[in-house]
Amino acid sequence: MTHRLRRTFIFTLLVSITLGLSAKPSALVFQSDFGLGDGAVSAMQGVAYTVSPELDIFDLTHDIPPYDIWVAALTLDQTAHYWPEGTVFVSVVDPGVGTERKSVVLKTKTGHYFVTPDNGTLTFVAQSLGIAEVREIDEAINRRKDSTQSYTFHGRDVYAYTGARLASGVISFKEIGPKLEGILSIPYQAASFDPDTKSLRGTIFKLDGRYGNVWSNIPKDMFEQLDPAFGETFTITIHQGDKLIYTNSIPYCETFGSVPEGNPLLYLNSLLNLSLALNMDDFAAQHGISYGPDWRITISK
Amino acid sequence: MTHRLRRTFIFTLLVSITLGLSAKPSALVFQSDFGLGDGAVSAMQGVAYTVSPELDIFDLTHDIPPYDIWVAALTLDQTAHYWPEGTVFVSVVDPGVGTERKSVVLKTKTGHYFVTPDNGTLTFVAQSLGIAEVREIDEAINRRKDSTQSYTFHGRDVYAYTGARLASGVISFKEIGPKLEGILSIPYQAASFDPDTKSLRGTIFKLDGRYGNVWSNIPKDMFEQLDPAFGETFTITIHQGDKLIYTNSIPYCETFGSVPEGNPLLYLNSLLNLSLALNMDDFAAQHGISYGPDWRITISK
Amino acid sequence: MTHRLRRTFIFTLLVSITLGLSAKPSALVFQSDFGLGDGAVSAMQGVAYTVSPELDIFDLTHDIPPYDIWVAALTLDQTAHYWPEGTVFVSVVDPGVGTERKSVVLKTKTGHYFVTPDNGTLTFVAQSLGIAEVREIDEAINRRKDSTQSYTFHGRDVYAYTGARLASGVISFKEIGPKLEGILSIPYQAASFDPDTKSLRGTIFKLDGRYGNVWSNIPKDMFEQLDPAFGETFTITIHQGDKLIYTNSIPYCETFGSVPEGNPLLYLNSLLNLSLALNMDDFAAQHGISYGPDWRITISK
């Protein structure tokens, strides 16, 4: 190989790599309560793909219970941590569509982006990933052409469109629109430890729907203040508002198989929060348990 | 940089871009009534991916009600408009599989392609996007190798295979097979305006299943002949065949939040057609409404 | 074009193609019983995408019935044949998570890879695609960083992570971990032909859930020993354990439309196995039929 040819080769390599890298947009991840029964989700994806066919488009879930902002907020937080910096999430659970709720993009301290109505959806990711900056979507710029007469499809014409343009680099974060002071959060009872009564208090954050497991917001670190050992039993009470729904003594286990089929156990879920399950059965269904700010749990020795 | 090196650089750039562009196939979008409970959809995608790993493969929905060609036809039409020219749709809702129904590819005037049994699935996209040309799939060419003994899986062995080859440029549109005169359409009552009675007539096209909203085929433009104002009430009647199912006076609203929870409203859906909803409730379930050519709606002042 | 420029051009072309090819990882296909209701599946995909944004990520299904290894095993086998050599499947149906079941990767003779707990999930692909080599996942190497405290999410932190690293070429098959002797298989009654009674025996492998069709494991080749003709009737009996559940004479048909609506037929499904259906109705629901090793079927002239 001549010297010139070698230089050319290196040049070629650099150009190819540069082209490759510059063309690679961030992942675009959709969440909604639209369900997959009709074309609403695919219309959002079509809008995104029209913005850039180079986008990597994913679905988080479209089975958020209709209008359930609480679940939307939790599901984003359950998932976003596992996606790389730069990932753009579009979440459309929007009971207030057409009212005065703002359309925003949150940039977190971890470099993730969230495109969503500002209705509480950002409650948990704002806490866990940290707010770097919030901007309101300027629909004069960031709205699909020929869409001005559609009142109900902000998901497609504003959120998917804006998310795709941000993920593919067509617009920068600053071009989203004006800076806001913060986001709207849902109030809820935080996990807490009472050293006098040696008890933990928290909220039932969600049900692991497929299996009916009951997930609290009480983290492993706080639980460790009770010095738990595998096999040791703990007293659990669950209230809905002021009403006692469930109380029992339950062993803390490392695996579901540690108790006989149908028996309850206390365990750490994949988020490392305290959770309740029946081995091979559905705890929530068997005991009529639901989730949300109204559902409180206490755990003591 | 020498003159030659500059030329080489530009050359490299052009070659890289050319390779990049020529390698980029069209999007391939699947729809079926297979559900996602087993491997039938993934088998179709595997066949497509085997044709070309460069394909961008998407799912519109696989939850079309079993054998429901009407819904398949509407869902394609709800979605295709939002995908770019060149996109190839594969729709497999095929109650007549194995009978004499034809397998076709429609090219619309907008440059979208639809690979499907010709059983009514193309009714609405043919109307809205326009027929450029229809070709019958020649299975002597366009059928996966070693698949001749499978009677029930045209979806995988013919439609997915042909769609993938078309989207990736392995075959051209002409190589699909012989030209046909047209496609099969489902008869239904079109939207109409009666200036004497100042009333609109139409069909209930579908339910927005997750929320139970009732979508008619009466477009905004036709509705405007009644000079509607937000807040104004209209008389609605719904018949199934000759039987009166529902009648009421309902306000026309810009947003769901304009009426109290549980109250009905008339609104324009994302397709800009007149629709009925209950704010935060399920109109279709509350009033026993379904959809299809048999379900007629009238709207008057 | 000078000679040198031509050489440079060819060089560029080769480099570009090489870069393109070497950058193209294998498809990564996920299956689980997680459902799509929360973020568990998306977390797995985020982990994979973090390993390499060049991966082509697909979902086989996440609606395997909870803990149902039998269905997981069958669904993999129904699908894998249609994906190209090199495809990496990650299957997470793991009732024994946290117990002593092994985490393995199977390489088949066809060059497909399966990342899964070794709990029976590999029963059918091991038979049909052949075992080339099995390796146990060495979690000291093949486990996502900072995940050591999570007991319940092997799916995300071990299986998705390992599958993504294998598919993208970050690790070779040998780097999975130590070689194993074989895999764990579920015992079941194989299809058999009795030439004396001219009857076939087999198992109901699964229900085609959307339509309620009943799929046996009796293949076309074995059925042909009865010299069947389209339209000819056969005597079917179905037992659950020792209990007779169903018996009837049913015509063998090429298409569903060969019998009136609501009538039963015997046909070859997409796997070319004998199956039962009602034209436009649900055979399994109408006759209380389920599936698995406990459900036996006989077919005779």
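This is a predicted model: local features need pLDDT of at least 70, side-chain atom pairs count only at pLDDT 80 or more; totals for chains, interfaces and linings use all residues.
Residues are numbered from 1 along each chain as its sequence is written, chains are lettered from A and ligands numbered from 1 in the order in which they are written, and side-chain values use heavy atoms, with hydrogens and water left out.

Begin with the salt bridges, each defined as a side-chain nitrogen of Lys or Arg within 4 Å of a carboxyl oxygen of Asp or Glu; over all chains the count is 27. Select A:Arg144 and A:Asp157, whose side chains form one such bridge at 2.8 Å, N to O. This pair links distant parts of the chain, 13 residues apart, with A:Arg144 in the loop between β6 (131-136) and α5 (154-167) of chain A and A:Asp157 in helix α5 of chain A. Helices (H or I, at least four residues) and strands (E, at least two) are DSSP runs, numbered from the N terminus.

Next, select C:Asp38 and A:Lys206, whose side chains meet in a salt bridge at 4.0 Å, N to O. C:Asp38 lies in the loop between β1 (27-32) and α2 (40-51) of chain C and A:Lys206 in strand β9 (residues 199-208) of chain A, so the pair joins two chains. C:Asp38 is buried at a relative accessible area of 6%, and A:Lys206 is buried at 8%.

Leaving aside neighbours within four places in sequence, the contacts of A:Asn213 (heavy atoms within 4.5 Å) include A:Lys206, A:Phe256 and A:Tyr267.

Finally, show helix α2 (residues 40-51) and helix α5 (residues 154-167) of chain B, which pack at an angle of about 40 degrees with their axes 8 Å apart; the axes are lines fitted to C-alpha atoms over the stretch in contact, and angles run from 0 to 180 degrees between N-to-C directions. Among the residues making the contact are B:Met44 and B:Val47 of α2(B) and B:Ala160 and B:Tyr161 of α5(B).

Conventions. Buried means under 20% relative accessible area, exposed over 50%, partly exposed in between (1.4 Å probe, protein chains only).
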